[in-house]
Amino acid sequence: MLKEWTALVCQELGIDPATVDRDEVLDLTREVAHGVARPAAPLTAYLLGVAQGAGTAPPDVVERLTALARSWGQATTETLGDK
């Protein structure tokens with residue numbers, strides 16, 4: 001189902017499906033949903049797409065965002081502890 005859906009969406013958006021790493025995006029959104037908040041997952045995917053489209057996303061953007069999501073709890077605890 002996901003393969004077909006991805007192909008259909010790519011066709012609608014004029015994107016070559018071969019350029020989309022569906023599993024990488026799903027892994028990222030899973031990490032964000034569990035590490036940050038469920039609503040942050042689609043927002044992150046959208047922002048990733050905007051950055052990719054604008055050409056401003058670094059090559060390692062998914063890895064960087066995944067690391068941010070994984071450290072979110074610690075980062076927010078440290079930030080809130082500073083106040």
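The axes of helices α3 and α4 cross at roughly 150° and come within 12 Å of each other. This is a predicted model, in which local features need pLDDT of at least 70, side-chain atom pairs count only at pLDDT 80 or more, and totals for chains, interfaces and linings use all residues. Residues are numbered from 1 along each chain as its sequence is written, and side-chain values use heavy atoms, with hydrogens and water left out.

Helices (H or I, at least four residues) are DSSP runs numbered from the N terminus. Axes are lines fitted to C-alpha atoms over the stretch in contact, and angles run from 0 to 180 degrees between N-to-C directions. Angles under 35 degrees count as roughly parallel, over 145 as roughly antiparallel, 65 to 115 as roughly perpendicular and the rest as oblique.

| Helix pair | Axis angle | Axis distance |
|---|---|---|
| α2 and α3 | about 140° | 8 Å apart |
| α2 and α4 | roughly 20° | within 8 Å |
| α3 and α4 | roughly 150° | within 12 Å |

The pair α3 and α4 is therefore roughly antiparallel. In their contact (heavy atoms within 4.5 Å), Thr-44, Leu-48 and Gln-52 of α3 meet Val-61, Val-62 and Leu-65 of α4. By class, this contact has 4 nonpolar, 2 polar and no charged residues. Here Ala, Val, Leu, Ile, Met, Phe, Trp, Tyr, Cys and Pro count as nonpolar, Asp, Glu, Lys and Arg as charged, and the others, Gly among them, as polar.

Helices α2 and α3 are therefore oblique to each other. Their contact joins Leu-28, Thr-29, Val-32 and Ala-33 of α2 to Ala-40, Ala-41, Thr-44, Ala-45 and Leu-48 of α3. These residues divide into 7 nonpolar, 2 polar and no charged.

Helices α2 and α4 are therefore roughly parallel. From α2, the contact takes Glu-24, Leu-28, Glu-31, Val-32 and Gly-35; from α4, Val-62, Glu-63, Leu-65, Thr-66, Ala-69 and Arg-70. The classes here are 5 nonpolar, 2 polar and 4 charged.

A pocket is an open set of points on a 1 Å grid over the protein atoms alone, where a 1.4 Å probe fits, with protein on both sides within 12 Å along at least five of seven lines; lining residues have an atom within 4 Å of a point. The largest pocket holds about 760 Å³ of space, a volume filled by probe spheres set on the points. It is lined by 24 residues, of which Ile-15, Val-20, Asp-21, Arg-22 and Val-25 are the closest to its centre. Helix α1 gives the most to this lining, with 6 residues.

How values were computed. Helices (H or I, at least four residues) and strands (E, at least two) are DSSP runs, numbered from the N terminus.
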